[in-house]
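The sequence and the structure come first, and the discussion follows.

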Amino acid sequence: MRAFVRGVEAINRVVGLFSMYLIFVMIGVLLYSSIVKTVAIPPLWTLEMAQFLMVAYFMLGGGYSLIDDSHVRMDLWYGRWSPRRRAGVDIFTIFFLIVYLGFMLYGGISSTGYAIRYGETSYSSWSPYMAPIKIVMCVGIVLMLLQAIAEFFKDIAAARGENTQ
């Protein structure tokens, strides 16, 4: 289990750090659009490309944010609990996250298969192919699912009182 956790965390750290830089690419695309808009008609592709970059940034960074425990959490009592009690509650809640991500992956694979099979394009005037961004979304879901399983293993170890590092 420790090797699985270390391996998944290593992959998610690399992918998460890469995805952090996508925000700068997105800013560049939007800045280009803004500058061009002042002197000419803006290109059709800029807004949708920025949306695709934001989706990649968000989906590929999900596993990394699980590692850093930077997801939103309502902390009324959680912070006052002992580490073992928090781990016990996390075991319960991470199970629902794993189920949810499983359903998302099932739908994502189905949607990606459709996009590849039929050459699905966006309904915008630019009309890019949708398969690449859907593949990126599925990769992000898989990485977050693997990280959720790794967090589940770490929570089991913490609930037993074992060192999770």
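Which side chain meets that of Lys154 in a salt bridge? In this predicted model, the partner is Glu9, with a distance of 2.6 Å from N to O. The two residues belong to distant parts of the chain, since Lys154 sits in helix H6 (residues 131–159) and Glu9 in helix H1 (residues 2–20), 145 residues apart. Lys154 counts as buried because its relative accessibility of 17% falls under the 20% cut-off, and Glu9, at 14%, counts as buried as well. Glu9 and Lys154 are also linked with Glu151 in a network of salt bridges.

Across the whole structure, a search finds five salt bridges, including the pairs in the table.

| Pair | N to O distance |
|---|---|
| Lys154 and Glu9 | 2.6 Å |
| Lys134 and Glu120 | 2.8 Å |
| Arg160 and Glu162 | 3.5 Å |

The salt bridge between Lys134 and Glu120 joins helix H6, where Lys134 lies, to the loop between helix H5 (83–118) and H6, which holds Glu120, so the pair ties together parts that are 14 residues apart in sequence. Lys134 is buried, with a relative accessible area of 14%, whereas Glu120, at 22% relative accessibility, counts as partly exposed.

For the pair formed by Glu162 and Arg160, the closest N and O atoms are 3.5 Å apart. Glu162 counts as partly exposed at 36% relative accessibility, while Arg160 counts as exposed because its value of 56% is over the 50% cut-off.

Technical notes:
Residues are numbered from 1 along each chain as its sequence is written. This is a predicted model: local features need pLDDT of at least 70, side-chain atom pairs count only at pLDDT 80 or more; totals for chains, interfaces and linings use all residues. Side-chain values use heavy atoms; hydrogens and water are left out. A salt bridge is a side-chain nitrogen of Lys or Arg within 4 Å of a carboxyl oxygen of Asp or Glu. Helices (H or I, at least four residues) and strands (E, at least two) are DSSP runs, numbered from the N terminus. Buried means under 20% relative accessible area, exposed over 50%, partly exposed in between (1.4 Å probe, protein chains only).
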